[in-house]
Amino acid sequence: MATVKLTNVKKVYDNKVVAVHDFNLDIADKEFIVFVGPSGCGKSTTLRMIAGLEEISDGIVEIDGEVVNDLQPKDRHIAMVFQNYALYPHLTVFENMAFSLRLKKYPQKEVYERVTKAAEILGITEYLTRKPRALSGGQRQRVAIGRAMVRDSKVFLMDEPLSNLDAKLRNQMRAEIILLRQRIDTTFIYVTHDQTEAMTLGDRIVIMKDGYIMQVGTPTEVFEMPDNLFVAEFIGAPKMNTFKTDLLYENGKYYVTPFGAKIEVDGYKGEKLAEMNVKPQEIILGVRPEHIVLAKAGGENAIKCTIEVNEMMGSEVHLHVKTESGERLIVRVPTINLSFEEREALIYGAKVYITFEGKVMHFFDKEKEHNLLIKREESTSQDEEDYSLE
Amino acid sequence: MNNNYVEKSSHAEFQRRHMGMKIKNRISNTIIYIILIVMTVIWLFPFFAILCESLRMESTGQVGYIFPHQWGFGNYIKLWTETDFPKWYGNTMLMALIVAVLQTVIVLAMSYTLSRLRFKGRKGLMNFMLVLGMFPGFLTMIVLYTVLKDMGLTGPNAVPGLILVYVASSGMGYYVSKGFFDTLPRSLDEAARVDGATRFQVFYKVILPLSKPIIIYTILVAFMAPWGDFIFAKYIARTSTAGWNVAVGLKSWIDSKTLHDTNYTMFCAGGVCVALPVTLLFMFLQKYYVEGVTGGAVKG
């Protein structure tokens, strides 16, 4: 249980490649924070700098108020779970889990108690005498988590722990990690490239790209109010539809004109645009696939499209459609309100009409790609610089 | 009925083909075995001949036949009781054991360091040693002799001098073990370090137990070099019999025609005694040459 603070942390490799730029983050005690981003965004490097496995080129890392820059991993009171498990193959599951306790010369009785308790929680008691090679992937990952659990570590680091598991097991283990978190109630830093994991696990999510932080926020915040186009497209599956369109201001109301339609930006989003005094301009409009609905032919603001791909998921269907102007969009349609005939009719080449409302729109600056509804400091903020660098 | 007929026919056809393959296999196997047996006989013959010679009692020189007319252990008894052989044997054993221990420690430490630690000049050092290793060690013989002579480690004191020579360059033989360490996942080191281990504990408690095959290999190589060395041993010890090893000692028994005639069977007995520990060492250690010790460490 501890806070973690990173101030201007930077990682430059020997070949002058900058993996992490000025990284600033305060992690609260017992918080579950998730670093998420595409490959090479610097999330694992940042985690490894916190763990002490990677040298910190610049900046300060503090754990529980103590600067740990020059401390060995063993002196940082952290526990870590690796993507590839990293179990000691010559030791039994019990000894794997007891390894750190034995190094610290814990009495035999306590070692036994701690290991058996952790094994019980993780459901691996019957495997304690086995060697890692006799375990399945999921069991190995449990042992790896158990090995980290038995110690009184201040911070629990997890580096893509579920990436090597198959989809079904991954979902199961994800739920178990949530339960585990409730049980051991400590500070977690979790690295993943999977936005679903990030959204479901994190109290807060740190979205990274090319070594920069793109946004830090709760899952709802980053989903509802993405700071920029990258976050908007990264969070959410299937990804948000984004396209260029004009933002108009007529008679005290804002309108957007996608694909020949003219949709009023009503409700909260319209008020917010007015409050921010956003000028009429060409913008990038973002609409999530689940916020687009099928419309009646000839209806108000109905946009005519042709179905290119139909992905039937059961409870919903993902339609990849093409507008008459050639723009490709994804529409996520719940199947519950469609008749069987209607569902069967959603095939390649079929014409459909779509529309969406003002309240579901996201507005991004065409050049800087930042969210027009988020107030930002004039040009001095780090984030502003980030966009210009992209 | 028709169906039955068809099935029977195809079954017979299948059997015929199967038999044909069986015969073909048997013929090719027989040929392979004959070749292997011939090669084995050729390979084992010298060993067998030396063993027979060492047990020959009717004469001491070389003869034109293999099986002794009179069998006995006389040569062995004479070897161990009436000659300097026990002294040479002791010298060699002492050198081989010390070198085996020191060299293994040095080689493993060196290889692990080069495999895991990143420091300035690492690549340069490795290349330098690679190039240096291409020159035969004998090029340094004259200089080494002079240096050792100044230190008083030649002649009768050749044993510590030779140990120094064998051990000195052992760090350069890091290639094979470094290659092995490179295959052990680095995340194992990292996991152990996070678990609270020092670098040495990582090496000692995690890496070494996983490195049995390479440790055995290093021990065997380190033991064999001084055990079978002749050139350095001869050059450093010169004429002082107290500093000789078995190779130099045994060679001295067959240096001339006269000596050859009087000592040949005993020379063979000495050869058998020299081969024995190495054979035993291989037999005991080979079971540790197991692969797949890292199974289950990381996602494969």
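Helices (H or I, at least four residues) and strands (E, at least two) are DSSP runs, numbered from the N terminus. This is a predicted model, in which local features need pLDDT of at least 70, side-chain atom pairs count only at pLDDT 80 or more, and totals for chains, interfaces and linings use all residues. Residues are numbered from 1 along each chain as its sequence is written, while chains are lettered from A and ligands numbered from 1 in the order in which they are written.

Reader: Between which strands of chain A does A:His77 lie?
Author: A:His77 is not a glycine, yet its phi is positive, at about 55°. The residue sits in a loop of chain A, between strand E5 (66-67) and strand E6 (78-81).

Reader: Is A:Asp210 buried, exposed or in between?
Author: A:Asp210, also not a glycine, has a positive phi of about 50°. Its loop runs between strand E9 (204-209) and strand E10 (212-217) of chain A. A residue is buried if 20 or more other C-beta atoms, placed from the backbone, lie within 10 Å of its own, exposed if 12 or fewer, and partly exposed in between. Because A:Asp210 has 18 C-beta neighbours inside 10 Å, it counts as partly exposed.

Reader: What is omega for the cis peptide bond at A:Pro238?
Author: A:Pro238 is in the loop between helix H8 (229-234) and strand E11 (241-250) of chain A. The cis bond joins A:Ala237 and A:Pro238, with omega about -10°.

Reader: How many residues does chain B bring to the contact with chain A?
Author: Two residues are in contact if their C-beta atoms, placed from the backbone, lie within 7 Å. Chain A brings 26 residues, and chain B brings 21 residues.
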